[in-house]
Amino acid sequence: MTTEPTFVADAQLLALFRHLLPERATLHCTDLTYTDQQITLSLIATTPTSSCRSCQNPSSRVRSRYIRTLADLPWGDQRVCYRLTVRRFRCANPACAQQIFAERLAHVTQPFARRTTRAGAELRAIGLALGGNAGARRSRQQRLPTSPATLLRLIRATPQPAIGSPTQSASTSGPGGVVTTMAR
Ligand SMILES: [Zn+2]
């Protein structure tokens with residue numbers, strides 16, 4: 001059964017919750033609601049400027065805002081959801097073709113993702129360990145539900161280890177003989 005959301009705006013509590021965020025130095029928690037199943041945090045970035053993705057010039061001219069909804073790692077047995085306010089800036093460089101750009105919060109999430117970067121890493125690890133169907137069951141148990149197809153997509157997107165010549169090697173003697181380890 002889902003209860004009505006409870007609203008929390010106490011500054012000290014929000015400061016504590018901010019401490020649990022992936023990028024607490026640049027995110028501000030404006031309020032929090034919770035039900036018996038989910039905690040929802042409203043977040044906004046506090047950096048005064050953002051760099052244009054085309055010309056890299058910083059801009060402080062906020063033109064508009066929009067909300068992204070992201071799943072994060074659970075807290076105990078509670079699902080956690082972010083309502084992240086993303087700012088659109090006007091590029092300060094008149095010569096730049098990119099007039100408007102949305103701020104990138106690379107340590108929090110990736111463009112178009114539906115979850116935080118750390119939640120995606122957790123799902124990728126589950127998928128690599130268990131595969132699609134068993135991984136999806138496990139993700140539901142861990143309050144980070146997703147589908148087998150999404151897990152398989154995350155696995156396919158996992159970068160392969162680089163294959164190249166080793167840059168360093170070390171040999172150690174052990175009971176089984178000489179062991180050579182190579183660092184890339
Ligand atoms: Zn620009």
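In this predicted model, the axes of helix 2 and helix 4 approach within 9 Å and cross at roughly 95 degrees. Because angles of 65 to 115 degrees count as roughly perpendicular, helix 2 is roughly perpendicular to helix 4.

**Contact of helix 2 with helix 4**

- On the side of helix 2, the residues involved are Gly 120, Leu 123, Arg 124, Ile 126, Gly 127 and Leu 128.
- They meet Leu 151, Leu 152, Leu 154 and Ile 155 in helix 4.
- Classified by residue type, this contact of helix 2 with helix 4 comprises seven nonpolar, two polar and one charged residues.

**The largest nonpolar core**

- The largest nonpolar core contains 21 residues.
- Those with the most contacts inside this core are Cys 29, Leu 32, Leu 41, Leu 43, Tyr 82, Leu 123 and Leu 151.
- Setting aside neighbours within four places in sequence, Leu 151 is in contact with Leu 123, Ile 126, Gly 127, Gly 132, Gly 135, Ala 136 and Thr 146.

**Strand 6 and strand 7**

- Strand 6 pairs with strand 7 in the antiparallel sense, over eleven bridges.
- Tyr 82 in strand 7 is the bridge partner of Leu 70, and Tyr 82 is also among the core residues with the most contacts.

Conventions:
Residues numbered from 1 in each chain as written. Predicted model: local features only at pLDDT ≥ 70, side-chain atom pairs only at ≥ 80, totals over all residues. Core = buried A, V, L, I, M, F, W, Y, C linked by C-beta atoms within 7 Å. Buried ≥ 20, exposed ≤ 12 C-beta atoms within 10 Å, placed from the backbone. Contact = placed C-beta atoms within 7 Å. Axes fitted to C-alpha atoms, helices over the stretch in contact; angles between N-to-C directions. Helix = DSSP H or I, 4+ residues; strand = E, 2+ residues; numbered from the N terminus. Parallel < 35°, antiparallel > 145°, perpendicular 65-115°, else oblique. Nonpolar A, V, L, I, M, F, W, Y, C, P; charged D, E, K, R; others polar. Pairing = 2+ DSSP bridges.
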